[in-house]
Amino acid sequence: MATAISAKQLTVTFPGRGRRPALQALQPLDLDVKRGQVLGVLGPNGSGKTTLLRVLAGLQPPTSGEVHVLGEAPTARALTSRVAYQSEGPLPLTTLSAPEYLAFMGAEIGLANEVCDQRAAGLLARLELEHARRRRISTFSTGMSKRLALAAALLAEPDVLLLDEPTAGLDPFGSATVMELLRERADAGAAILMASHQLLEVEESCEEVLVLHNGTVHKRGPLQDLLAKDEHALIASGLDDDALAELRDQAEARGASGVRIERPRDHLFALFRKLGRDRSDEERQT
């Protein structure tokens, strides 16, 4: 896959004020993201996640270093409809309805009216906002506003998506829908950077993670490598109780420690995702 995002020795320093010293939000940082890749950006508050996204979106000039997005400088006009940034903050223009807001955003990025209206209708339905199409955004809940912000980011079917806490405030059903939409964009070749504190969703959706700490890359790699332990496990299914007991005894006889028999379990997010699928099946049947 071709490189979509490239940064070399990127730094961002905010000047000090009064007695406050200058703040180095990003220290020399190298980054590359391929098309079709979903990269989770993790780190504690103040680690530089939002600053990194803003630089890539062309909203924060770097202090030094080189940055290219789709072969262009982040501020290039050619990226207007090819790069989308969803910030963590509140939506503007809250006196508009959701369709009006998406129509405005579509016009801003140069989408033809018919294309914009068609995509907006599909996204509002997919993100379960169709029922609120006549309401002002100011009456939306946090989750509804977050889903509308994602709809605006997806409107142009961008090649790069920069997302800051895209599932914050969403229930598990909404989060599952968001993750599904992002996976579809990645499968279509988009590069996605997703800063999030929702670790389980990052683990489920991102092939690779970037961990920032104090503005530097602390770790980066596939989750399988970063989370792997220095031990191996034997997983068996289809055995009755006697066979399992015999297997346990054999393992202990060979020097294994901590051997136990237990049923594997899934996590709560998977439970809600299954409920969401069941609900969709019921709606199709009715």
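Q: Which residue forms a salt bridge with Glu-208?
A: Side chains of opposite charge can pair when their charged atoms come close. The cut-off for a salt bridge is a side-chain nitrogen of Lys or Arg within 4 Å of a carboxyl oxygen of Asp or Glu. Here the partner is Arg-220, with the closest N and O atoms 2.8 Å apart. The two sit twelve residues apart and link distant parts of the chain: Arg-220 is in strand 9 (residues 216–222) and Glu-208 in strand 8. Helices (H or I, at least four residues) and strands (E, at least two) are DSSP runs numbered from the N terminus.

Q: What should I keep in mind about the model itself?
A: It's a predicted model, where local features need pLDDT of at least 70 and side-chain atom pairs count only at pLDDT 80 or more, while totals for chains, interfaces and linings use all residues. Residues are numbered from 1 along each chain as its sequence is written, and side-chain values use heavy atoms, leaving out hydrogens and water.

Q: Is Glu-208 buried or exposed?
A: Read relative accessible area like this: under 20% is buried, over 50% is exposed, and in between is partly exposed (1.4 Å probe, protein chains only). Glu-208 comes out at 18%, so it counts as buried. Arg-220, at 27%, is partly exposed.

Q: What does Arg-183 pair with?
A: Its side chain meets that of Glu-207 in a salt bridge (3.1 Å, N to O). Arg-183 is in helix 5 and Glu-207 in the loop between helix 6 (199–205) and strand 8 (208–213), so parts 24 residues apart in sequence get tied together.

Q: How many disulfides does the structure hold?
A: A disulfide is a covalent bond between the sulfur atoms of two cysteines. The test is a pair of cysteine sulfur atoms within 2.5 Å, and the count here is zero. Cys-116 is buried at 3% relative accessible area, and Cys-206 is buried at 5%.

Q: Which non-glycine residues show a positive phi?
A: Two cases to look at are Glu-128, with phi near 55°, and Glu-157, with phi near 50°. Glu-128 lies in the loop between helix 3 (113–126) and helix 4 (142–154). Glu-157 is in the loop between helix 4 and strand 6 (160–164).
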